[in-house]
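Please look over the sequence and the structure shown below before reading on.

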Amino acid sequence: MTGPQWERSIKVTTAEQTRRLAAALAGVLEAGDLLVLTGELGAGKTTFTQGLGEGLGVRAGIISPTFVLVRIHPNLPEGPRPGGPDLVHVDAYRLDSAAEIDDIDLENTMDTSVTVVEWGRDRVEHLSDSRLEVDLHRAVGGGAAPAAAAGTTLDFETEDDDEPRTIVLRGFGPRWPEAPGFLGNAPLEGGN
Ligand SMILES: Nc1ncnc2c1ncn2[C@@H]1O[C@H](COP(=O)(O)OP(=O)(O)O)[C@@H](O)[C@H]1O
Ligand SMILES: [Mg+2]
């Protein structure tokens, strides 16, 4: 399989920033697009998908599909993209192979939807000749969790523990000849 056409690395520090990045990305997504999300448990795959849902303006309620493998979130006419694509959210964690992916018939919904697959790597690439890979990494280098490193005791003010993430986007196939403009397409003149 050929490699990515481009790669962009974005650092975020909060779950909200992860959602906002995804919402911005949603602005350039079209029906038929396939997104493959990779990252350990708790990395933010579902959080990222929630942002996609906000940006696409689909029915809310994006959660980790623990028992349900596939959820379809219909596009809302009152959202930012009326008549735009639905969001199909798949958790492929329990699916061991491409053959099991084929059993859930994503082909039926792909043409009218943005299809997002958590744990999709090595399982769904055959579904489309193009895809976006989204890898979410807990920031490397620090080691200890930021909250612990900050030496705080019990901070009940901090509702959810925002942590830095590095989000790496890669475009594969003819759909993604170059990175979406909002990611910074052109190399800066004069370097830097
Ligand atoms: N920068 C961040 N980006 C995404 N999620 C974050 C971030 N910082 C903290 N979190 C928290 O990490 C958790 C990620 O959970 P989730 O999105 O369900 O992960 P996954 O689907 O990869 O298992 C959420 O509770 C979220 O609030
Ligand atoms: Mg999840």
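## A partly exposed loop residue

Ile 63 has 13 C-beta neighbours inside 10 Å and therefore counts as partly exposed, since that class lies between the buried residues, with 20 or more such neighbours, and the exposed ones, with 12 or fewer. The model discussed here is a predicted one, and in it Ile 63 belongs to the loop that runs between helix 2 and strand 3.

Along the chain, Ile 63 and Thr 47 are 16 residues apart, and their C-alpha atoms are separated by 8.3 Å. Thr 47 is also listed among the closest residues around ligand 1.

## Overall make-up

The protein contains five helices and seven strands, and when these are read along the sequence they follow the pattern β-α-β-α-β-β-α-α-β-β-α-β. Of its 192 residues, 32% count as buried. Where contacts join residues at least 6 apart in sequence, 74% of them link residues at least 24 apart.

## The sheet and its pairing

Seven strands form an open sheet in the order 1-7-6-2-5-4-3, and the pairing within this sheet is mixed. Its edges are strand 1 (6–12) and strand 3 (70–73), each of which pairs on one side only, while the twist from one strand to the next averages 20°.

Strand 2, residues 34–38, pairs with strand 6, residues 131–138, in the parallel sense over four bridges, and here Thr 38 stands opposite Asp 135 of strand 6. Strand 2 also pairs with strand 5, again in the parallel sense and over four bridges; Leu 37 has Glu 118 as its bridge partner in strand 5. Strand 4 and strand 5 are likewise parallel, with six bridges between them, and Asp 86 stands opposite Ser 113 in strand 5.

## Strand 5 within the fold

How many of the six residues of strand 5 are buried? Six of the six are, so strand 5 is largely enclosed by the rest of the structure.

In a regular strand, side chains alternate between the two faces of the sheet. In strand 5, Ser 113, Thr 115 and Val 117 point one way, whereas Val 114, Val 116 and Glu 118 point the other way, and all of these residues are buried.

## The shell around ligand 1

Which residues are closest to ligand 1? Of the 19 residues that surround ligand 1, the closest are Thr 18, Gly 44, Lys 45, Thr 46 and Thr 47. Two elements give two or more residues to this shell, namely helix 1 (15–26) and helix 2 (45–56), and the largest share, three residues, comes from helix 2.

Sorted by class, the shell around ligand 1 has eight polar, seven charged and four nonpolar residues.

Methods. Residues numbered from 1 in each chain as written. Chains lettered and ligands numbered in written order. Predicted model: local features only at pLDDT ≥ 70, side-chain atom pairs only at ≥ 80, totals over all residues. Near = placed C-beta within 6 Å. Nonpolar A, V, L, I, M, F, W, Y, C, P; charged D, E, K, R; others polar. Pairing = 2+ DSSP bridges. Axes fitted to C-alpha atoms, helices over the stretch in contact; angles between N-to-C directions. Contact = placed C-beta atoms within 7 Å.
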